[in-house]
Amino acid sequence: MAESAQRPWLSATIAAGVLGIFAVIGAALVGVSYVATADRIAQNHRDMLLAQLDAILPRSEYDNALLDDHIDIQAPASLGEGSIRIYRARKQGQPVAAILSPVVANGYSGRIELLIGIRVDGSLAGVRVLSHKETPGLGDKIDVEKSPWILGFAGRSLDNPPEGKWKVRRDGGVFDQFTGATITPRGVVAAIKNALIYYRSNGSNPFETASTHKEGDNG
């Protein structure tokens, strides 16, 4: 009877042990999968960012590792929320352009993250939208894949047009708004203008500050 009474306890112990082993193995597999996925996501983000930077400023115009050569600054209210990153393009050690990453906090459907390239002469190398949640078919025309609108800023400066004309046409400026969507382009135009004003006042400062940290090479 004693031996018979012990068997259920023994079976339960073995079953619990087996389940424990499977739990440990499962947790290990999830951990490995997470690390592999996180690394892949990070690399995809890096590749996407580099492609956007290349679209703004061709690699032939600089020779430093652009993704490494950057600083993070506490953004003034005019450039968005929190801190923003400034990538610094150089050729043979000389400044070529700064690429700022301000945030439009007042998009129609939320935040709009931008990349704004400004050459040392104060002209725009180009502008791209990193992320947004604007309305498909309306506000999403800020995306270069939806419309060429964003390409029209290349070569512009605070003198072209004059600073007072950095507005959408509805507000008395020179930039087109979208049919049925004025808030989105209004916010983007204001953000680009504010970035140009910031650069005019601080243009040389970003290039004189040590990089925030390293992220790997530029390829």
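What is the relative accessibility of R111, and how does this residue count: buried, partly exposed or exposed? R111 has 38% relative accessibility and counts as partly exposed. Buried here means under 20% relative accessible area, exposed over 50%, and partly exposed in between (1.4 Å probe, protein chains only).

## Basis of the model

This is a predicted model, in which local features need pLDDT of at least 70 and side-chain atom pairs count only at pLDDT 80 or more, while totals for chains, interfaces and linings use all residues. Residues are numbered from 1 along each chain as its sequence is written, and side-chain values use heavy atoms, with hydrogens and water left out.

## Overall layout

The protein chain has two helices and six strands. Its elements run α-β-β-β-β-β-β-α from the N terminus. Helices (H or I, at least four residues) and strands (E, at least two) are DSSP runs, numbered from the N terminus.

Of the 219 residues in the protein chain, 38% are buried. Among contacts (heavy atoms within 4.5 Å) with a separation of 6 or more, 52% are between residues 24 or more positions apart. The accessible surface of the protein chain is about 11900 Å², and carbon and sulfur atoms account for 57% of that surface. Accessible areas come from the Shrake-Rupley method with a 1.4 Å probe; for residues, only the protein chains shown count as cover.

## Nonpolar cores

A nonpolar core is a set of buried Ala, Val, Leu, Ile, Met, Phe, Trp, Tyr and Cys residues joined through side-chain atoms within 4.5 Å. The largest such core has 35 residues, and the members that touch the most others are L100, L124, F153, W166 and I192. Two or more residues each come from β1 (70-74), β2 (83-91), β3 (94-100), β5 (110-119), β6 (124-131) and α2 (183-202). The greatest contribution, eight residues, is from α2.

Leaving aside residues up to four places away in sequence, L124 touches I116, G117, I118, F153, A154, G155, R156, W166, I192 and L196. Another core lies apart from the largest one and has 15 residues, including L49, Y62, V96 and A97.

## Nonpolar surface patch

I14, V18, I21, F22 and I25 form a nonpolar patch on the surface, with about 490 Å² of accessible area together. Patches are made of residues with over 30% relative accessible area and no salt bridge; like charges are joined within 9 Å, and nonpolar side chains (Val, Leu, Ile, Met, Phe, Trp, Tyr) within 5 Å. One of these residues, I21, lies in helix α1 (residues 2-56). I21 is exposed, at a relative accessible area of 52%.

## Salt bridges

Nine salt bridges are found in the whole structure. The term refers to a side-chain nitrogen of Lys or Arg within 4 Å of a carboxyl oxygen of Asp or Glu. In the pair of R59 and D54, the closest N and O atoms are 2.9 Å apart. Both partners count as partly exposed, R59 at 39% relative accessibility and D54 at 22%.

D69 pairs with R90, and their closest N and O atoms are 2.6 Å apart. D69 and R90 are both buried.

E113 and R111 also meet through their side chains in a salt bridge, at 3.2 Å from N to O. E113 is partly exposed, with a relative accessible area of 28%.
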